[in-house]
Structure formats: structure tokens, C-alpha cells
Amino acid sequence: MASILDRVADKLQRKERLGREDALELFASSDLLGLGRLANQVRQERWGNRAHFVINRQINPTNVCVLSCKFCDFATKRGRPNAYEMSLEEVLARCDSGIREVHIVGGLHPDWPWSYYVEMLRAIKARHPQVQIKAFTAVEIEFFSKKFRLPIEEVLRQLKAAGLDALPGGGAEVFSERVRKALFPFKIGAPRWLEIHKAAHRLGIPTNSTLLYGHIETHEERVDHMLKLRELQDETGGLMSFIPLAYPVGGTHLDERQASAIEDLKSIAIGRLLLDNVPHIKAYWVTMGEEIASIALTFGADDLDGTIGEERIMHAADAATPISQTRERLIQLIRDARCVPVERDALYNVIEVYENGHRLS
Ligand code: SF4
């Protein structure tokens, strides 16, 4: 009988979609390099040897959160020594000139008014019109809707009017009721996350998607998660990227060790093969490590994320990577993978192509 890689190669040749069983067999396969070759072939057909990055800034306005998800090392409660709350001026001070994207996510603050969030976006756009704002996960959008008694569409409409360009993909974790009940029982599950992203797409707000892996989830749950994202994308076409995020063990210890490099590369490669309708697969260097992220560019990924500036969420869980990167380092990591660095904005418009040491527009 033909190997799973041969069968998948045949399907790719016939332009046939991979199914659940194919993906599960790929996770079980020991031929990592063969899997990488197939995923790289699909990535090459779409992007050639280009790999994207962005000059961006992450801002986490507060770590005070009304919830206490079991996998989260970032959130805390008011009054604790590590709690912080940024004023609007402190948020604005973090938007340096030169960045193209600001990525804003944070804790679900018990007291901040709706005007704080709307004003934040308005003020960033007023001071930095060139910056695109990717802000607030579906979990935060749901929180705003409940707390401020506004329908989801109205929350999104008001944020868009204030300057929101895109939603990040966080808060999806793993679309499994079993995992949700065990790790984040008070947070939204798959149906609501998908509904909120659909609403954003209907309003012309593109979004990203994530998968948090390497804790208590199974390969079946990972694959089912990806298939739900593929269905969403078939319906709306609004997803820009898929970002597998390795769970950082930190102080929560849901697993003894972080997912292996092999699991990282398999999640990227299978993401590329299964999510045939999602344009970008991101190797997030913060969780994966810089070198594995660079290798992932030859396993189906076409994006490394960005310079970030100040990463707090994964570093609250003791991530071993730096809290920021320089443009030069990202270019080097991309060139190490024999790819051509392409600087992008939050919406994946091309800003610069760096070919043979020269910048080309
Ligand atoms: S994962 Fe998000 S919602 Fe859950 S405790 Fe952490 S910050 Fe709060």
C-alpha cells in the first residue's frame, strides 16, 4: 500500500482536498522531511520563495483580567504586585514612528469604560495614520458586547469607525469542548469564536486565526480545529493567516515540556496542507524560537510575524526567546531559509522586497 505521503502527493497533484484521516496520518508519520517537502511545494506554488515579516509593536494595555484560564500565566488580579494598567498616553507612547502594525490584546479589565478602547484606536490613528491597527481577540469582543450591552456587530462597527483594521486570531485556543471545560470553562468556545469572526468578515474586517497546541489536546482535536477554520474560510474568505502557537509551559505546567520542534514543524506543515484556502501560515518566532521558525519557512510557513517591540504574554510564561527583534535579524532568519524577505503591513500589502541585499519595491 502507498505511504501516506504518496497518497497526499497524489491528492495534491489532482487538486483534491485533504481530509481528516489524511491529516491524522500525517501527524502519525515519521517522515518529517517528506512532510516538509510536500508542504513546501504547496507554499512555493502560492508564494514562490518569498517570506513575509512586519515592523510592528505589540501592546498589552493591562494584565488585569476577570477570568483565570488555567493555561494563562499572563493574567492577574487588581492589587497584586505584578498587575499593571496602561493609560492612553502610555499606550500611545509605545507606537513608535516607523511601525506599520500595532497588535493590541490584553486582559478583560473589570472597570475600564467603552470609551477607553474607542479613544485608544482613534488616538493611535490620529497620531500615526500610517499604522494599521490589529486589535482585540474574539474573547475581548464578546466581553465588550456583554459588558457594554452592545450587539457584537455594533462593537465591531464602532471599533472599525475608530480605526480598527483587523482582528488578531487569539482566543481560539483549541476548538474542543473537552479542552474548554478543563482549561477555560468561562471563556467562549468554538461556536462563538467562529460567529464573531464571521461577523467581522461581513463588516469587511479581515482576521487571523490561531491554534494553541502542546498542552492537553489530542491530534484529533488539532485536526478538527483546523477543519473548522477551513469551513469558516470557505464561507467568508476573511482569514488572512493561520498561526499555530506552541503552549508555553511557564508556571501552569499542563505538560512537562514545551511541544518538540518536530511537533512545531508538523503543525506548520499540516496547517499549510489542510488549510488550502488560507493564504498565510505564520511561524511565530516568539513561541517557536527563532531558528525553528526560520526552518519552518521551508515546511510550509511564509511569514515570521514581526519585530514586536515588547512581548509580554508568552514571556509571562518564561518564553526563552527575546522580547523583540530587529528588522535585520528577521531578514537574516528569512535569508537563512533561502527565502526572499518581504516586508508587509498588517493586511499583507507589500511594503518592500529585499532581494540580493537590495531593496526593491
Ligand atoms: S487567557 Fe485571556 S481571558 Fe483567559 S485569563 Fe488569560 S488574559 Fe484572561
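Two residues are taken to be in contact if their C-beta atoms, placed from the backbone, lie within 7 Å. In this predicted model, the buried residues of helix α6 pack against α5 (114–127), α7 (152–162) and α9 (190–202). Helix α6 spans residues 138–147. Of its 10 residues, 7 are buried, so α6 is largely enclosed by the rest of the structure. The buried residues are A138, V139, E140, I141, E142, F143 and F144. Two of the names in this list, E140 and E142, are glutamates.

Just after the helix, R149 takes a phi of about 50°. F136 has a positive phi of about 70°, although it is not a glycine. A residue counts as buried if 20 or more other C-beta atoms lie within 10 Å of its own. F136 has 25 such atoms within 10 Å and is therefore buried.

Y348 also has a positive phi of about 70° and is not a glycine. Y348 lies in the loop between β10 (340–344) and β11 (350–355). Here the C-beta count is 17 inside 10 Å, so Y348 is classed as partly exposed.

Two of the helices that α6 packs against, α5 and α7, also pack on each other. Their axes are 8 Å apart, at an angle of about 30°. Angles under 35 degrees count as roughly parallel, so α5 is roughly parallel to α7. Helix α5 contributes V118, L121 and R122 to the contact, and α7 contributes Q158, L159 and A162. These residues divide into 4 nonpolar, 1 polar and 1 charged.

A further helix pair is formed by α2 (residues 20–28) and α11 (residues 261–274). Their axes come within 10 Å and cross at roughly 160°. The two helices are therefore roughly antiparallel to each other. The crossing of α2 past α11 is right-handed. On the α2 side, the contact is made by A23, L26 and F27; on the α11 side, by K266, I270 and L274. This contact has 5 nonpolar residues, no polar ones and 1 charged.

The ligand is surrounded by C65, L67, S68, C69, C72, F74, A75, G107, L108, V139, F184 and K187. This shell divides into 9 nonpolar, 2 polar and 1 charged residues. V139 of the shell is also among the buried residues of α6.

Methods:
Residues numbered from 1 in each chain as written. Predicted model: local features only at pLDDT ≥ 70, side-chain atom pairs only at ≥ 80, totals over all residues. Axes fitted to C-alpha atoms, helices over the stretch in contact; angles between N-to-C directions. Helix = DSSP H or I, 4+ residues; strand = E, 2+ residues; numbered from the N terminus. Parallel < 35°, antiparallel > 145°, perpendicular 65-115°, else oblique. Left-handed = near helix turned anticlockwise from the far one by under 90°. Nonpolar A, V, L, I, M, F, W, Y, C, P; charged D, E, K, R; others polar. Near = placed C-beta within 6 Å. Buried ≥ 20, exposed ≤ 12 C-beta atoms within 10 Å, placed from the backbone.
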